[in-house]
Amino acid sequence: MTTWSGGAEAYISSWAERVNRYLSSIFADDQVQPRKLFEAMNYSLLAGGKRLRPVLCIATAETLDASPEDALPVAAAIEMIHTYSLIHDDLPSLDNDDLRRGRPTNHKVFGEAMALLAGDALLTYAFEQLSQPRLTSLLSADALLRIIYTLAHAAGCYGMVGGQVADVEGEGRMGTEEDLRFIHIHKTAKLIQAAVLLGAHVALADEQQLQTLGRFGLHLGLAYQMVDDLLDVTETTEHLGKTAGKDEANEKLTYPRMFGIAATRERIQQEFDMAVGELRSLEATGVLPSRLFDLANYMIRRSH
């Protein structure tokens, strides 16, 4: 596990393609109404991206010897939650961004009202997807209940939404490192942690495995958000596929703004090292987490 195999890109690409095919099949009925709503939903849901959260879910299930295909519907639900959050985050009332994944944001194409409703619909459908009786042929009712609770907790007021509120309230002030850590944990890390935990629930992980993987996911999520903040000040709009420099323009609380670029890189490495430490604990129990190590390494060394 200690040597990065470099196979993360191929694994991500392969499973992202399968996730994309699955997502493309969900709202594929051209006759369903209201048509404009489904067009807006698919516009953002099928816009591409690396699909890191669903891939983490699938890789965790596979690491614990579950069928990765069984994790696919769950992974798709995570991506719906993530996509809804991006649609809403780009709205004029929040980050007011015009570019996402290299093309105009949802509200620039469909208008603010439709973008808001498309996000609402994706959020709601994620849980409709997870509660469909047909999934009980793949997963037990108990596993599905744990999955639904974990995802709802990570996405709502105790997770992503709470973090977004703190992010908005932190604009224009320096705050403290404690404030900044709260924002990063809730806005980003908890959904990444949930992606890992959902894969573990698919595999019927035991309590010790859940705790270890939960800590891994949280440290990885923190490192991931720090990298995101760093790229915002070190890369161009063309390279990122979204507007660079937005955090600084909005005076958001970020590690580069509070501590500078060098210190941010040090903190990224610290969080990554703690994440890897949790994988070593898992390895000591006989589980081989090399795939998760490769994905984590890729996620903190990415350039966009």
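**Charge and surface**

The chain carries 28 positive and 41 negative side chains, with the centres of the two sets 2 Å apart. Lys and Arg count as positive and Asp and Glu as negative, while His and the chain ends are not counted; each charge is placed at NZ of Lys, CZ of Arg, CG of Asp or CD of Glu. This is a predicted model, in which local features need pLDDT of at least 70, side-chain atom pairs count only at pLDDT 80 or more, and totals for chains, interfaces and linings use all residues. Residues are numbered from 1 along each chain as its sequence is written, and side-chain values use heavy atoms, leaving out hydrogens and water.

**Overall form**

- The chain has 15 helices and 2 strands (DSSP runs: H or I of at least four residues, E of at least two, numbered from the N terminus).
- The C-alpha trace spans about 55 × 50 × 35 Å along its principal axes.
- Of the 304 residues, 55% are buried (under 20% relative accessible area, 1.4 Å probe, protein chains only).
- Among contacts with a separation of 6 or more, 76% join residues 24 or more positions apart (contact: heavy atoms within 4.5 Å).

**Helix α8**

- Helix α8 covers residues 160–170, and its buried residues are M160, G162, G163, Q164, A166, D167 and G170.
- The cover over these buried residues includes α4 (72–89), α7 (141–155) and α9 (177–202).
- G172 follows α8 and has a positive phi, near 85°.

Terms used
Buried < 20%, exposed > 50% of the residue type's maximum accessible area, 1.4 Å probe, protein only.
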